[in-house]
Amino acid sequence: MTRYAVPCGTIVFCLLAYWLSTQFDRVPPILLRGMQPEDFPQMVLILIIALSVLVMIFDKPIEHGVVGANVWRSIGMFVVFSLVAQIDLFLGLGVFAGGLASLWGERRLWSIGLVAFISPALVFLLFDLVFRIRFPRGFLTNLWYG
């Protein structure tokens, strides 16, 4: 029974988030540059629901050990991300990606720097240039948007 608790909880959360995304204001077609505001979150939520169903069907139950200290440090990186993201979202993503790579054992500084720079840059370029979604202003986004 407990093996279904997390996937079912995830599905309930996704259904609630999907319903909330239907409350977004629609952009008039003449002003639409890309997708409607609710389209991308709804696609991601449907994917998460489908993956949760697959976990319930195909995942075999196993006994897990005690949660290690590295897991708690990784969760702490989310707190760091949320604080730095108040300055700039992509600065927060860079700090999070670099910090997580370091926590998980990467020791080459150039590699950590590459992850910290490339990951947020690719996310930004994907959403800004492909999906045409503008991000909230921040320190780095002000440099791009002018």
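Trainee: How are α4 and α5 oriented to each other?
Mentor: Keep in mind that this is a predicted model. In it, the axes of helix α4 (residues 89-103) and helix α5 (residues 109-130) come within 8 Å and cross at roughly 140°. An angle over 145 degrees would count as roughly antiparallel, so α4 and α5 are classed as oblique to each other.

Trainee: And what is the handedness of the crossing where α4 passes α5?
Mentor: The crossing of α4 past α5 is right-handed. On the α4 side the contact is made by F90, L93, G94, A97, G98, A101 and S102, while α5 contributes I112, V115, A116, S119, P120, V123 and F124.

Trainee: How many nonpolar, polar and charged residues are in the contact of α4 with α5?
Mentor: The contact of α4 with α5 has ten nonpolar and four polar residues, and no charged ones.

Trainee: Moving on, what about α3 and α4, how do they pack?
Mentor: The axes of helix α3 (residues 69-84) and α4 come within 8 Å and cross at roughly 165°, and α3 and α4 are therefore roughly antiparallel to each other. The crossing of α3 past α4 is right-handed. The α3 residues in this contact are N70, R73, S74, M77, F78, V80, F81 and V84, and they meet L89, L91, G92, L93, V95, F96, G99, L100 and L103 of α4. By class, the contact of α3 with α4 holds twelve nonpolar residues, four polar and one charged.

Trainee: Which residues of α1 and α2 meet?
Mentor: Helix α1 (residues 5-21) and α2 pack at an angle of about 165° with their axes 9 Å apart, and they are therefore roughly antiparallel to each other. Here α1 passes α2 in a left-handed crossing. From α1 the contact takes P7, C8, T10, I11, C14, L15, A17, Y18 and S21, and from α2 it takes Q42, L45, I46, I48, I49, S52, V53, V55 and M56. These residues of the contact of α1 with α2 divide into 14 nonpolar and four polar, with no charged ones.

Trainee: Changing topic, where does UniProt place the transmembrane region feature?
Mentor: The UniProt record, an unreviewed entry, places "transmembrane region" at residues 40-58, 78-104 and 110-131. In the model, residues 78-104 are 81% helix and 0% strand, with end C-alpha atoms 14 Å apart. For residues 110-131 the chain is 95% helix and 0% strand, and the end C-alpha atoms lie 30 Å apart.

Technical notes. Residues are numbered from 1 along each chain as its sequence is written. This is a predicted model: local features need pLDDT of at least 70, side-chain atom pairs count only at pLDDT 80 or more; totals for chains, interfaces and linings use all residues. Side-chain values use heavy atoms; hydrogens and water are left out. Axes are lines fitted to C-alpha atoms, for helices over the stretch in contact, and angles run from 0 to 180 degrees between N-to-C directions. Helices (H or I, at least four residues) and strands (E, at least two) are DSSP runs, numbered from the N terminus. Angles under 35 degrees count as roughly parallel, over 145 as roughly antiparallel, 65 to 115 as roughly perpendicular and the rest as oblique. A crossing is left-handed if the near helix is turned anticlockwise from the far one by less than a right angle, and right-handed if clockwise. Contact means heavy atoms within 4.5 Å. Ala, Val, Leu, Ile, Met, Phe, Trp, Tyr, Cys and Pro count as nonpolar, Asp, Glu, Lys and Arg as charged, and the others, Gly among them, as polar. UniProt positions are given in the numbering used here, feature names are shortened, and annotations may be inferred rather than shown by experiment.
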